[in-house]
Amino acid sequence: SKKALRAAEQDRPDVAAQRKLWRAAQPFIDPESLVFLDETGVNTKMARLAVVIAVSGGLSAMLTNDVVVWAMTPLLIAGLRRRGLDPLPYVIALACAANAGSAATLIGNPQNLLIGETGDLNFWTFTAACLVPALVAMAVVYSVIARSRAFRRAVAEPIVPAPDPPRRRSTNRRCGRRSWRPPPSCWSSPLPTTGAPGRSPSPRC
């Protein structure tokens, strides 16, 4: 553990030269282009983005990308909103990673089947040729989304999750009881029993 507030590495000549260059370059740096990451962001938010991209791309390689996006989008949005996170950058990452990962195999999307049939390629030959480009494309998606302004804003400004709406129950005011439906004693008889002919009696509780 450190026992001093000032790091001893600052006295090294090479570190001192780099610090001097950094201080000289600070006035020319655009603050909007900087990405600030704390320990929590590196361990959770960046990892969460990587997991979304990896799962979306991996499933799209084994299934069709349309099915993956259609099935994962509502689950992803609901989970992120419950955690107080803006789902916009993650949904964009999901869509882009699904398209990138679907290029890895023949069954990733219908276009791959057409290419495999035209080129007389089997499953493993196609995968061997397209797996590396698909992984590179997924890495590019991660890099672009992680550096985007929308992701930085989602990390820095968490949203407040909306509370669940209260459960409402109907109230039968005439009978003075709370129930989901009127009790049988409050139903009007379809046929007259007492009173004037042709008129139903008033319901009694």
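1. The secondary structure of the chain comes to 7 helices and 2 strands, where helices (H or I, at least four residues) and strands (E, at least two) are DSSP runs numbered from the N terminus. Along the sequence the elements follow the pattern α-α-α-α-α-α-α-β-β. This is a predicted model, in which local features need pLDDT of at least 70 and side-chain atom pairs count only at pLDDT 80 or more, while totals for chains, interfaces and linings use all residues. Residues are numbered from 1 along each chain as its sequence is written, and side-chain values use heavy atoms, with hydrogens and water left out.

2. Of the 205 residues of the chain, 24% count as buried, a class that means under 20% relative accessible area, with exposed meaning over 50% and partly exposed lying in between (1.4 Å probe, protein chains only).

3. A search of the whole structure finds 2 aromatic pairs; rings of Phe, Tyr and Trp (its six-membered ring) pair if their centres lie within 6.5 Å, and planes under 30 degrees apart count as stacked, over 60 as edge-to-face and the rest as tilted. Y90 and F151 form an edge-to-face pair, at 5.9 Å centre to centre and with 70° between the planes. Because Y90 lies in helix 4 (residues 88–101) and F151 in helix 7 (residues 149–156), this pair ties together parts that are 61 residues apart in sequence. Y90 is buried at a relative accessible area of 1%, and F151 is buried with a relative accessible area of 1%.

4. The rings of F123 and W124 have centres 5.1 Å apart and planes at 85°, so this pair is edge-to-face. F123 is partly exposed, with a relative accessible area of 26%, whereas W124 counts as exposed at 66%.

5. Helix 6 (residues 123–146) has 24 residues and reaches 33 Å from its first C-alpha to its last, close to the 34 Å expected, the expected span being 1.5 Å times one less than the number of residues. Buried residues in helix 6 include F126, T127, A134, M138 and V141.
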